[in-house]
Amino acid sequence: MITIKSAREVETMAAAGRILADTLALIESHVQPGHTTEELDRLAEEFIRSHSGARPSFKGLYDFPKSLCTSINSEVVHGIPSAKRELHDGDILSVDCGVCLDGLHADSARTMPVGTIDAEAARLLAVTQECLEVGIAAAVVDNRTGDIGHAVQTVAERAGYAVVRELVGHGIGTRFHEEPQVPNFGRPGRGHRLTEGMTIAIEPMINAGQKEIRTLSDKWTVVTADGSLSAHFEHTVLIHADGPRLLTTVPAGTPV
Ligand code: MG
Ligand code: MG
């Protein structure tokens, strides 16, 4: 079911989104060679829980054990933070996080450079961020989810990259994953119509090589089948008559 949020619900989601934006900024300041993904996860959980009424959305969601998903290099999404996973100079680290505040969720992700990354990795990050920007720009009243997907896919494929098909964006609210699905590929004018008061997570997952993915034996970590790098950027967005409003920024509305 697609849910339409009240003004009060939107402001609660925006407050969750501000905590989330601050969480990602805190994590980014600790993304350095030698740190482990377990350390980042602990920092995030403590910071989120320091806010009254807030908790990490991911912990326990479908039995996921941690507060962050941390996915390194060819890992696409859903990497599990671990004391055994140390960051190295030149890695790229995708950090995905959710915050639940007073029963409403916000969802955001960003791929971060570790130390100095090479030009090809930097280009993948820049293009994936552009994919998110054009996807958000297409998130306007009376457009359809296919318009978002088409915008994302066009930018990714023009750059020579591939769009992951099996994992998609989603509605979000009192439940972390709601309808509609928001694929990062598609045809203009197809899919669910966007109406005022919908809140959706737009989250391009872009592979430097081929689009195929597989899941590791931990049952969570999704990797590119060909071992190529992958990047992931995500914001939670309100569909509004005045245009898309980002709910996962500080302050809300700041450009990506
Ligand atoms: Mg996410
Ligand atoms: Mg999401």
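This is a predicted model: local features need pLDDT of at least 70, side-chain atom pairs count only at pLDDT 80 or more; totals for chains, interfaces and linings use all residues.
Reader: Hello! How many residues does helix α3 have, and how far does α3 reach from its first C-alpha to its last?

Author: Helix α3 covers residues 119–137, a run of 19 residues. At 1.5 Å a residue, a span of 27 Å is expected. The reach from the first C-alpha to the last is close to that, at 27 Å.

Reader: Which backbone nitrogen does Asp118 reach at the start of α3?

Author: Look at the side chain of Asp118, at the start of α3. One of its oxygens comes to within 3.2 Å of a backbone nitrogen, and that nitrogen belongs to Glu120.

Reader: Is Thr12 buried or exposed?

Author: Start with its place, which is in helix α1 (residues 7–29). Leaving out residues up to four places away in sequence, Thr12 touches Leu101, Asp102 and Leu104. Its relative accessibility is 12%, and buried means under 20%. Therefore Thr12 counts as buried.

Reader: Which are the edge strands of the open sheet of 5 strands?

Author: The strands follow the order β8-β7-β9-β14-β15, with antiparallel pairing. An edge strand here pairs on one side only. That describes β8 (178–182) and β15 (245–246).

Reader: At about how many degrees to β8 does helix α4 run?

Author: Helix α4 is made of residues 145–158 and lies across β8 and β9 (199–202). Relative to β8, α4 runs at about 40 degrees.

Methods
Residues are numbered from 1 along each chain as its sequence is written. Chains are lettered from A and ligands numbered from 1 in the order in which they are written. Side-chain values use heavy atoms; hydrogens and water are left out. Helices (H or I, at least four residues) and strands (E, at least two) are DSSP runs, numbered from the N terminus. The expected span of a helix is 1.5 Å times one less than its number of residues. A polar contact is a pair of N or O atoms within 3.5 Å; within protein, one must be able to donate a hydrogen and the other to accept it, and residues adjacent in sequence count only if both atoms are side-chain atoms. Two strands pair if DSSP finds at least two bridges between them. Contact means heavy atoms within 4.5 Å. Axes are lines fitted to C-alpha atoms, for helices over the stretch in contact, and angles run from 0 to 180 degrees between N-to-C directions. Buried means under 20% relative accessible area, exposed over 50%, partly exposed in between (1.4 Å probe, protein chains only).
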